[in-house]
Amino acid sequence: MSGSNVWSRTRERLRIFPELLAQCADEAAVYGKCVAATTTGKQELKKDLCVKEFEALKTCFTNAVSTISKNRSLRCDM
Amino acid sequence: MNWKRLSILTLRSLSGISQNLGSFCTRRNGGAMNVFNRDMKKRQKQRVAALKDGHQYDYLRNEVGSRVADRVYDIARTFPLALDIGGGKSHIAEHLNKDVVQSLVLTDVSQQNLCRQTEIPTRCVVVDEEFLPFKENTFDLVHFNRSILRLTLGLHLSVLKPDGVFIGAMVGGETLYELRCSLQLAESEREGGFSAHISPFTAVTDLGNLLGGAGFSMLTVDVDEVQVHYPGMMEVMTDLQGMGESNCAWNRRSLLHRDTMLAAAAVYREMYGNQDGSVPATFEILYMIGWKPHESQAKPVKRGSATVSFGDLSKISRPTNAGRS
């Protein structure tokens with residue numbers, strides 16, 4: 001199977017995942033702290049408990065994706 | 001596009017978590033506890049063996065193999081014939097020499113994984129671990145270096161000669177607890193519940209019972225912890241996939257949502273991350289040594305036959321050296 005297909009695109013996205021996450025380290029830390037707090041405090045972990053923090057992380061992540069793809073396409077044009 | 005190719009590509013696209021195409025996998029009803037899909041595991045191993053740079057994932061197996069080989073050396077005997085189950089690239093045999101093991105039979109589930117020659121004369125056989133095709137009382141030493149799947153101890157006992165020894169290593173209860181907890185928390189927060197992504201491991205307390213129940217005597221079980229540091233959660237999962245240890249339990253969920261993966265990576269880094277940004281992954285390795293019963297082995301003496309009292313312990317100035325060496 002040659003050429004770009006859904007599997008190769010998925011694999012490519014997974015491959016750059018760590019790079020993208022590194023760009024959003026702060027948001028990730030905030031989300032992580034929110035979830036980790038449930039393990040020590042009295043608050044039980046429920047669905048969407050940290051939804052605000054997660055949305056912030058996801059937005060940062062999506063922006064990072066578009067930045068990287070923009071940089072990649074710019075590089076290709078050169 | 002044929003279905004087989006599609007299934008392999010689907011498996012590849014989700015690092016560390018494998019997908020189940022249920023219609024092609026039939027459950028086997030034999031066996032006491034059918035937890036794992038062995039066909040799936042075999043396919044995972046074959047795929048890994050076909051990787052060009054597969055050797056970079058061998059670090060854990062090499063480390064465990066060298067520690068098992070240490071234990072073989074500790075037994076002051078020469079073994080004419082040894083069996084290495086699931087040996088693959090002979091991570092144990094490469095640390096042994098001809099004085100200790102005179103000849104070796106190396107087995108593995110997948111053909112490609114098999115047979116790296118060492119100084120010991122070796123015969124390589126493709127064998128399903130649950131159906132060893134050897135006669136009873138064949139081997140002097142059976143060693144076993146399998147990461148995750150359950151043991152078929154009764155079988156291992158039967159192929160051993162009386163007074164033969166079984167040395168094994170497997171991963172135990174606390175392995176990858178960081179990954180398990182991160183996935184659990186993230187999945188609970190994102191999806192409201194969680195499913196098992198890490199297969200169940202044997203606890204060290206159960207191991208003694210398992211070995212004793214199978215008929216081994218003079219058991220020794222000890223635990224070792226190997227901690228490996230990775231840049232992040234995705235690298236942990238990629239390496240697990242590269243080692244051929246993707247999930248193959250029947251009750252595994254087919255997919256891991258992108259959001260959950262992102263959330264879990266964030267939680268992993270926050271809860272377990274090191275100062276320099278790397279994250280640790282713990283592998284708890286259980287080592288076990290068991291002997292096939294034989295008259296020459298020391299047995300517990302009859303009750304009431306004691307000649308000294310425990311009260312005299314304080315009077316002993318040097319420890320006495322009892323038991324087999």
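Tutor: Asp48(A) and Arg190(B) are joined by a salt bridge whose closest N and O atoms are 3.3 Å apart; the term denotes a side-chain nitrogen of Lys or Arg within 4 Å of a carboxyl oxygen of Asp or Glu. This is a predicted model, in which local features need pLDDT of at least 70 and side-chain atom pairs count only at pLDDT 80 or more, while totals for chains, interfaces and linings use all residues. Residues are numbered from 1 along each chain as its sequence is written, chains are lettered from A and ligands numbered from 1 in the order in which they are written, and side-chain values use heavy atoms, with hydrogens and water left out.

Asp48(A) also forms a salt bridge with Lys47(A), with 3.4 Å between the closest N and O atoms. Asp48(A) is partly exposed, at 33% relative accessibility, and Lys47(A) is likewise partly exposed, at 46% (buried means under 20% relative accessible area, exposed over 50%, partly exposed in between, with a 1.4 Å probe and protein chains only).

Across the interface of chain B and chain A, the rule finds three salt bridges; over all chains the count is 10. The two chains bury about 2500 Å² between them, 71% of it on carbon and sulfur atoms, where buried area is the accessible area (1.4 Å probe) that two parts lose on being put together, summed over both. To this contact chain B gives 27 residues and chain A gives 29, contact meaning heavy atoms within 4.5 Å.

Thr260(B) is in contact with Ala186(B), Glu187(B), Arg190(B) and Glu191(B), leaving aside its neighbours within four places in sequence. Thr260(B) is located in helix H8 (residues 258-272) of chain B; helices (H or I, at least four residues) and strands (E, at least two) are DSSP runs, numbered from the N terminus. With a relative accessible area of 1%, Thr260(B) is buried.

H8(B) also meets chain A. Helix H3 (residues 25-40) of chain A packs with H8(B) at an angle of about 75 degrees, their axes 8 Å apart. Axes are lines fitted to C-alpha atoms, for helices over the stretch in contact, and angles run from 0 to 180 degrees between N-to-C directions. H3(A) and H8(B) are therefore roughly perpendicular (angles under 35 degrees count as roughly parallel, over 145 as roughly antiparallel, 65 to 115 as roughly perpendicular and the rest as oblique). Among the residues that meet are Tyr31(A), Val35(A) and Thr39(A) of H3(A), with Val267(B), Glu270(B) and Met271(B) of H8(B). By class, this contact of H3(A) with H8(B) has nine nonpolar, two polar and two charged residues; Ala, Val, Leu, Ile, Met, Phe, Trp, Tyr, Cys and Pro count as nonpolar, Asp, Glu, Lys and Arg as charged, and the others, Gly among them, as polar.

Within chain B, helix H7 (residues 233-242) packs with H8(B) at about 110 degrees, with the axes 9 Å apart. H7(B) and H8(B) are thus also roughly perpendicular to each other. Met233(B), Met234(B), Val236(B) and Met237(B) of H7(B) make the contact with Met261(B), Ala264(B), Ala265(B) and Tyr268(B) of H8(B). The contact of H7(B) with H8(B) has eight nonpolar, no polar and no charged residues.
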